[in-house]
Amino acid sequence: MGKVVLVTGVARQLGGRFVRRIQRDPEVDRVVAVDAVPPEHHLGGADFVRADIRQPAIARVLAEHSVDTVVHLDVTATPLGGGSRTSVKETNVIGTMQLLGACQKSPTVKRLVVKSSTNVYGSAPRDPAVFTETTPPKSLPSGGFAKDTVEVEGYVRGFARRRPDVAVCVLRFANILGPSADSPLAAYFSLPVLPTVLGYDPRLQFVHEDDVIEVLRIASHEPRRGTLNSGTFNIAGDGVLLLSQCARRLGRPTVPVLMPAVSWVGSALRTLGMTDFSPEQLRLLTHGRVVATRQMRETLGYGPRYTTAETFADFARSRGPGLLPPEALAGAVDRIAALPVLGGGHLPTQSAN
């Protein structure tokens with residue numbers, strides 16, 4: 001008999017896509033899709049079980065289906081439907097505790113994959129230029145989804161110590177973007193005008209949702225020859241983009257805001273329901289964050305199909321043109337750069353030295 005894979009968080013687009021993808025693997029015999037609400041999208045031939053992972057009943061689901069692989073995707077920053085931030089935190093933290101408790105008692109579970117985030121590193125002014133998997137954060141996240149992910153990873157490490165026979169893989173994804181991306185950052189980039197912090201132009205990294213699905217699939221199986229898919233891995237596309245570059249490629253104007261007024265702007269946007277401009281997102285849009293992906297390539301054995309720039313380009317195409325068409329904006333910049341300086345001369349050129 002092939003693998004029996006249980007996937008949480010299937011009511012979201014990412015969870016639904018992964019369920020449909022993992023069913024096509026020949027070594028998978030059955031997929032058990034779990035969520036507290038029925039999904040609106042198709043799950044293929046998966047067995048959907050309506051269950052809240054915050055409740056002890058999840059242990060019964062593992063036992064009834066003899067699950068050997070658990071893929072925990074129900075760690076997220078955005079509420080589903082009319083949910084609240086409180087319900088999201090309970091699912092992230094309490095739900096993970098219940099799920100891990102059930103896995104610990106299950107004799108059949110042999111592999112656990114957890115979707116985490118590079119948010120665990122936080123965003124602070126004295127951060128290193130690049131975070132590796134072992135770099136401690138300069139300032140631990142104080143709230144929101146970032147704090148949830150820190151707590152979730154702490155519980156996962158405790159589970160790994162108690163069940164050393166279970167292969168545990170934690171995937172720290174950079175900001176996930178793509179045509180169907182549903183995240184606070186995707187909502188921010190969809191605004192007609194982008195508020196930014198005056199004097200800051202942070203470096204950002206993205207990972208395409210297609211690469212997310214493939215990495216999850218690799219982590220769910222036995223490692224290929226010469227690779228290891230147990231441990232903690234940063235997952236991001238190659239390269240970085242500045243926030244100003246993102247705005248230009250979207251064709252959206254920016255409104256620089258003084259640091260003291262940023263929180264007020266964030267509160268106003270949350271009140272209007274336009275985007276969840278949380279404190280953790282404000283810090284990201286102030287200081288940025290870049291992670292190293294060497295372990296992803298050399299140990300996990302995966303090279304993303306999309307770079308950070310290509311990921312953002314695919315996302316931008318799905319959002320339509322902004323107020324400032326990128327082509328026209330680029331043409332205007334080129335024309336300004338070609339203008340002679342006052343007095344009829346041209347800007348002098350300098351050597352690289």
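This is a predicted model: local features need pLDDT of at least 70, side-chain atom pairs count only at pLDDT 80 or more; totals for chains, interfaces and linings use all residues.

Student: How many residues has helix 11, and what distance does it reach?

Tutor: The expected span of a helix is 1.5 Å times one less than its number of residues. Helix 11 (residues 308–319) has 12 residues and reaches 17 Å from its first C-alpha to its last, close to the expected 16 Å.

Student: Which residues of helix 11 are buried, and what covers them?

Tutor: Buried means under 20% relative accessible area, exposed over 50%, and partly exposed in between (1.4 Å probe, protein chains only). In helix 11 the buried residues are Thr308, Thr311, Phe312, Asp314, Phe315 and Ala316. Their cover, judged by contact (heavy atoms within 4.5 Å), includes strand 7, helix 5, strand 10 (206–208) and helix 7 (243–250).

Student: How many salt bridges does the structure hold?

Tutor: Side chains of opposite charge can pair when their charged atoms come close. The criterion for a salt bridge is a side-chain nitrogen of Lys or Arg within 4 Å of a carboxyl oxygen of Asp or Glu. The structure holds 19 of them. One of these joins Arg17 to Asp210, with the closest N and O atoms 2.7 Å apart. This pair links distant parts of the chain, since Arg17 is in helix 1 and Asp210 in helix 6 (residues 209–220), 193 residues apart. Arg17 is partly exposed at 26% relative accessible area, and Asp210 is partly exposed at 23%.

Student: Is Asp148, the partner of Lys89, buried or exposed?

Tutor: Asp148 is buried, with a relative accessible area of 0%, whereas Lys89 is partly exposed at 31%. The closest N and O atoms of this salt bridge are 3.0 Å apart. Lys89 lies in helix 3 and Asp148 in helix 4, so the pair ties together parts 59 residues apart in sequence.

Student: Which residues are linked in a network of salt bridges?

Tutor: The network links Arg21, Asp25, Glu214 and Arg217.

Student: What is the volume of the largest pocket, and which residues are closest to its centre?

Tutor: Rolling a probe the size of a water molecule over the atoms shows where empty space is left. On a 1 Å grid over the protein atoms alone, a pocket is an open set of points where a 1.4 Å probe fits, with protein on both sides within 12 Å along at least five of seven lines; lining residues have an atom within 4 Å of a point. Grid points are joined across faces, edges and corners, and a volume is the space filled by probe spheres set on the points. The largest pocket has a volume of about 930 Å³. Of its 47 lining residues, Thr76, Ala77, Thr78, Asp182 and Ser183 are the closest to the centre.

Key: Residues are numbered from 1 along each chain as its sequence is written. Side-chain values use heavy atoms; hydrogens and water are left out. Helices (H or I, at least four residues) and strands (E, at least two) are DSSP runs, numbered from the N terminus.
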